[in-house]
Amino acid sequence: MARNNQEVTGWVGWVYFAGFVLLLSGILQIISGLSALLSSDFYAVVNGNVFLFNITTWGWIHLVLGIIVVCTGTALFSGATWARVVAVLLAVINLVTYFAFISAYPIWSITVMVLDLVVIYALTVHGGEAAVDN
Amino acid sequence: MAKNRPTAWVGWIYFASAMLLVAGGIQVIAGLTGIFNADFYTVSQTGNIVAFNYTTWGWIHLIIGIIGVAAGFALAVGRLWAQVLALVVTIIAAITNLAFIGVYPLWSIAALVVNGLVIYAITLHGDEVRE
């Protein structure tokens, strides 16, 4: 491992933070996906139609995305490179989304944006330390 | 040192790359808002330092944003020209964001903070990746 010469700093904690957040949101997404697939009556949708796709398709999309996010979160703990790439991209998308949301709820948006910034910093500059830390 | 051997400091260039993606994405949103939903900007057009109309501003933001996103991806490859391009785009972006600050302070400030992080990461840590 080329990164084995890297010193482990306190920032590695933020890598684990990102891992836990991804795990949590992935599990929640899997649950909403399964709800749509197994008991679509749970969602009060008229005629089974939601935005763009029907509820079953959305159920599968949530399920697959949720599984990807959970895998990414789990892999972050081992310091896997692909997990850091995916996690940084997710954080970038999240940050830009909340930028557009500033007018609706400034304090909330700015809080999330700062957290995203910290996570991106930790993952890019100190992400390799998780592999050493284990 | 072997060219493609990653060590600790290479992380900074990925940080700069991610920040440039964010800055570009932010500016694309500001641009699309100006083009398609200019009423969103409630300040009268004269409240702007440089009094183009919002459609013109929208296109300026959109184009700079798209170049910024492209430069962000190029940065991750670690080429010198990508760093130069990224710096130039970010400086231009910062100036346009500053000129736009009277229109929507929170958006401009958020964008400027991210622009500053890009410049910091590239100027102070960019040369390390070129060793």
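Student: Leaving aside its neighbours within four places in sequence, which residues is Gln29(A) in contact with?

Tutor: Gln29(A) is in contact with His62(A), Leu65(A), Gly66(A) and Val69(A), once its neighbours within four places in sequence are set aside. They are called contacts because heavy atoms lie within 4.5 Å. This is a predicted model, in which local features need pLDDT of at least 70 and side-chain atom pairs count only at pLDDT 80 or more, while totals for chains, interfaces and linings use all residues. Residues are numbered from 1 along each chain as its sequence is written, chains are lettered from A and ligands numbered from 1 in the order in which they are written, and side-chain values use heavy atoms, with hydrogens and water left out.

Student: What makes the pairing of the side chains of Gln29(A) and His62(A) a polar contact?

Tutor: Their side chains are 3.2 Å apart. A polar contact is a pair of N or O atoms within 3.5 Å, one able to donate a hydrogen and the other to accept it within protein; residues adjacent in sequence count only if both atoms are side-chain atoms. The value of 3.2 Å falls within that limit, so the term applies. Gln29(A) itself lies in helix α1 of chain A; a helix here is a DSSP run (H or I, at least four residues), numbered from the N terminus.

Student: How large is the area buried between chain B and chain A?

Tutor: About 1,900 Å² is buried, and carbon and sulfur atoms give 81% of it. This is the accessible area (1.4 Å probe) that the two parts lose on being put together, summed over both. The contact involves 21 residues of chain B and 21 residues of chain A.

Student: How many salt bridges and polar contacts are there between chain B and chain A?

Tutor: One residue pair is in polar contact, both residues being at pLDDT 80 or more. On the side of chain B that touches chain A, α1 (11-36) and α4 (105-125) each supply at least two residues, and the largest share, eleven residues, comes from α1(B). That side divides into 17 nonpolar, three polar and one charged. Nonpolar covers Ala, Val, Leu, Ile, Met, Phe, Trp, Tyr, Cys and Pro, charged covers Asp, Glu, Lys and Arg, and the others, Gly among them, are polar.

Student: What makes a space in this structure a cavity, and how many cavities of 30 Å³ or more are there?

Tutor: There are two. On a 1 Å grid over the protein atoms alone, a 1.4 Å probe fits in a cavity but cannot get out, and lining residues have an atom within 4 Å of a point. Points are joined across faces, edges and corners, and the volume is the space filled by probe spheres set on them. The largest cavity holds about 60 Å³, and its lining includes Phe99(A), Ile26(B), His61(B) and Trp107(B). By class, that lining has seven nonpolar, four polar and no charged residues.

Student: Which residues line the second largest cavity, and which element gives the most?

Tutor: Among them are Leu20(B), Gln27(B), Ile64(B), Val89(B) and Asn115(B). α1(B) gives the most, with four residues. The volume of this second largest cavity is about 40 Å³, and its lining divides into five nonpolar, five polar and no charged residues.

Note on methods
On a 1 Å grid over the protein atoms alone, a cavity is a set of points where a 1.4 Å probe fits but cannot get out, and a pocket is an open set with protein on both sides within 12 Å along at least five of seven lines; lining residues have an atom within 4 Å of a point.
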